[in-house]
Every structure is written in structure tokens, then in C-alpha cells.
Amino acid sequence: MIDKLSWVAAYPEILLLTMACVIALVDLAVKTPLRGGTYGLTLLTLAVVALLQGAAAASGNTIEGFGGMIVSDPMGNWLKCFATIAVMATLVYGRGYSAQRDMLRGGELFTLAMFALLGMFVMISGHNFLVIYLGLELLTLSSYALVALRRDDVQATEAAMKYFVLGALASGFLLYGLSMVYGATGSLDVAEVLKAIAGGKAMLKGSAQVLTLGLVFVVAGLAFKLGVVPFHMWVPDVYHGAPTAITLMIGGAPKLAAFAILIRLLVEGLQPLAVDWQQMLAVLAVMSLLVGNLAAIAQSNLKRMLAFSTIAQMGFMLLGLLAGVVQGGSGLDSGNMANAYGSSMFYVITYVLTTLGTFGVILLLSRSGFESENVSDLAGLNQRSPLYAGVMAICMFSLAGVPPLVGFYAKLSVLQALLASSGAFYVGLAVFAVVMSLIGAFYYLRVVKIMYFDAPTQTDEIEAGADARTVLSLNGALVLVLGVVPGGLMTLCAQAVAQLFA
């Protein structure tokens, strides 16, 4: 069961776990307020892990380990590579902010971030219900602790409690659903579950009704983790209450892991039930686009606005997952799967990239005793710092779907996948998504108007380290360059997803 290939499949996780423990010990000897030694060693570790994952993904090999409980495939390896880069950028942006708020008393920020990333890795690699759930719990427990890292801040503690209670409820939903699927199929292994369901009633160990009920709970649990309507109630409060560096930690890289478990559970495990779960995702997507965009318009707090924006963006990402399996003239047609799921993967990667830039600017504008979290705090930003205003404007235009930025091509690829399904229902969804994007453009463009045309309300000099300024510049440039030449990343996503079905 445990052979050499098992260790090859799991070596990035093993390296990350080992170094997280080493860094926790090394930090005991670090006394500087900015935790320079811990910070440098963490970034070095993450850079090595990202390179290893990128090399594994580029090789195109699929390796199963520990008796099929984990899998190392191109889609998973690319998602892990991008998640690692996202966590690196988050730590670079958030280090100064965290030091000013006494969150670097110890090295917990860095070690907890690495354990959260390890949880994402396990979620992405997991090919067994229990392994996926363990990864999810490692990520969420680390996230609860990170949100509460400012122990003396009432708002952060309240956000952590809300996140903990609602996160526990979501975990219960998911675990209950997975136990029902296990009861109906007799297996925890994703590949075995697929075989059992595809084999029909003769292969099932339990009733089809139990399987369907389990599917409902699984989708509800996943919807909680994605933060889509009607399971979105924790998102605005946690985004607002958490320290901004932690808001980015929650709103960035974990979206890649959430996409991965959607693919692992629904596509690789429960694909024969696609007609059922696609209907559920359609309702979630439509409600998320509607509530997310309309609620965001009313927000004056930038973090709450971006929380509702996230809800709408996740709804848009779900649209791609709807178009994989369609009802054809001769039964179910799954010919559009690689295209549809590849477009969703492209969407979630570009969303995380844009979110990093947006919160990066908010973090660098914040200073000791001042949280730059209201939309009005960005007034006249172009006069204070053309660089920060430019990056924020690029990210806002990208989130709104304005060409030639990468957000436009992300939305276009999802809409194209919907239209390729050629049913009236999918065309209607595409039209609805476009209308909602037009409504959403209002609150994104309002931020740009305030930065460029309003008089400054803040006059303090903006201070940021060279590392943060460099990463922010690269971040903004990538949003622009990937919009001008999106073909490489689109092809990478399409090929990675296509290899799942090879």
C-alpha cells in the first residue's frame, strides 16, 4: 500500500510539514520585531515548494499514492503551485501590517499560514473522502486561529467566533453528506464511488434515495466553504472583522483548494449524478450573482464590498461547472467537460491573482492606528501614489470584466463554455450573468472614480518595504499581461483538466 511512488506523490506535503515545524522552532531564537529570520526562511521554503510543484505539473505525470488515497496530477500540482505563490504574496503584503498590530509577537502568523497551506495541499491531493476532510479541517482550524491572532481586538475575536461556529456547521454538513454517500456506495475512495454509482442499483450497497440525500448535504457543505448564497452569511462579517492580512489569507489561496474539492468530489466521484448537482449549483450561482452584486452596491466599507464581490465572483465560477454534462439527444453528453471545467479553473486562478492585488493595496495603505478599509479612504489616491492607484484600478477593472484585462477573458471563457452547451437554459444563464456583471461594474468603477477624481482625505506618506512594492507591481503587471496574452494560462488549465478524463 505504501511504496516509493507514495512518497513521490506526497513529498511536497512532507517538505511543507517538516519546514513548518522547523520554522516554529527557529522562531524561538528570533527577537526582531519584524521576524526577519522567520519571514525569510518561510518565503524560501514556499519558493522551493512552488518550484517543485511547478516542475511536477509541467511533467504531466499522474501518480497515485498510499493505495489511491492521494493523487498527484497536473491539475492538482498547478493549483498547489499557484496556492503557494498566493500565500507567499499574502505574507509579503501582510508582514508590515501585522507587525504594526502586534501580530508578530511570535512566529505564529508564518507557521499557521504554512499549516493552512498544508491543509490546502491535502484537500487538492486527496482522492479519498477522509483525506479530503482532514485537509479541509487542517485549513479551517488554522484559519480560525489566524482570524483571532489579534487577541485584544474585539472585532477580530467576534469574527473568529462567527467563523468557528458556522465553519463547524459547514463541516458537519459535508461530513454527514459524505457518510451517506459512503453508506450508499460502500467506499470512501473517490474512484470506487464513481464505479459504484456508474454501475447503477446493482452496484450500490444502499438505496439511491440515501445517495441523493447525501449529495444534497455534500453540495451544501461545499457551498458553505465557497461562501455562496444562501450559505454566505459568514463571509462579510469575517472579511470585515478579521485583520486585513488574514482576510487576504482566507479570501485568496483557499479558493483554489475549494475549486479542487469541487472537482474531486462532484466531477471525479459523483459525475453520474451530474444532472442533480448541476441543478443545485445553478440555483447557488444565480442567487450568488444576484445577492452578491446588489448587496455590494450598498457597502461603504471596502472589505465588506469585496466580500459581497467574492460571493458574486464564486457564483460566476460555478457557472462553468454547470456546463460540463448536458442532456443530449441520445442521453447525457459529457463532451464539454474539459472546456467547462478548464474555464472555471482559469476563472478561479485569475480571481485569486486579482484579489491579491486589491488587498495588497489596502494592506500597504494601512498604517499603525489606521485601517484603510473604507471606500472613502481611497479618495485622491492617484495624487498620493500613482502606482497604488494604478494597481487598484487595474484590479477593479479586471473584477468588473473590462477588456483587455484578465478578468474579461475569465468571464468570456465561462460564458463561452455555457454557450457551447447550446441549450436555452444555458443561454439564459449566460445572459443573466452578463446583466449581473454590468450591475457589478458600478461598485468597481465607483472605487476608480473616488481614487482619481475625489480630493484626498489622507495626507500621510505611504510607507512600504521594497519587497511589498515589487510584488505589488508584478501583481498588477500580471493582471494586465495575462489579459493581453491569456492563451498560455488558458491552455494550461484546459490541458490539466483534460488529463483528468484521459
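Begin the tour at the largest pocket, which has a volume of about 460 Å³. The model on your screen is predicted, so local features need pLDDT of at least 70 and side-chain atom pairs count only at pLDDT 80 or more, while totals for chains, interfaces and linings use all residues. Residues are numbered from 1 along each chain as its sequence is written, and side-chain values use heavy atoms, with hydrogens and water left out.

**The largest pocket**

Select Ile85, Ala86, Leu353, Leu356 and Leu478, which lie nearest the centre of this pocket among the 18 residues that line it. On a 1 Å grid over the protein atoms alone, a pocket is an open set of points with protein on both sides within 12 Å along at least five of seven lines, a cavity is a set of points where a 1.4 Å probe fits but cannot get out, and lining residues have an atom within 4 Å of a point. Grid points are joined across faces, edges and corners, and a volume is the space filled by probe spheres set on the points. Now colour α3, α14 (337–365) and α19 (466–484), each of which supplies at least two residues of the lining, with the largest share, six residues, coming from α3. Helices (H or I, at least four residues) and strands (E, at least two) are DSSP runs, numbered from the N terminus. The lining divides into 17 nonpolar residues, one polar and no charged, where Ala, Val, Leu, Ile, Met, Phe, Trp, Tyr, Cys and Pro count as nonpolar, Asp, Glu, Lys and Arg as charged, and the others, Gly among them, as polar.

**The second largest pocket**

Of the 23 residues that line the second largest pocket, select Gly96, Gln100, Glu463, Ala464 and Gly465, the closest to its centre. Here the largest share of the lining, seven residues, again comes from α3, and by class the lining has 12 nonpolar, four polar and seven charged residues.

**Where α3 meets α20**

Next, show helix α3 (residues 74–100) with helix α20 (residues 487–498), whose axes come within 8 Å and cross at roughly 135°. That angle makes α3 oblique to α20. Select Pro74, Met75, Trp78 and Phe82 in α3, which meet Leu489, Leu492 and Ala496 in α20, a contact (heavy atoms within 4.5 Å) with seven nonpolar, no polar and no charged residues.

**The largest cavity**

Move on to the largest cavity, with a volume of about 200 Å³, and select Leu139, Thr140, Tyr163, Lys225 and Trp234, the closest to its centre of the 16 residues that line it. The elements that give two or more residues to this lining are α5 (129–147), α6 (154–185), α8 (208–226) and α11 (254–269).

Which loop holds proline 230? Proline 230 sits in the loop between α8 and α9 (234–241), and the peptide bond from valine 229 to proline 230 is cis, with omega near 10°. In the loop between α16 (386–400) and α17 (406–420) you will find proline 404, where the peptide bond from proline 403 is likewise cis, with omega near 5°. Finish at phenylalanine 66, in the loop between β1 (63–65) and β2 (70–72), whose phi is near 50°, a positive value in a residue other than glycine.

How values were computed:
Axes are lines fitted to C-alpha atoms, for helices over the stretch in contact, and angles run from 0 to 180 degrees between N-to-C directions. Angles under 35 degrees count as roughly parallel, over 145 as roughly antiparallel, 65 to 115 as roughly perpendicular and the rest as oblique.
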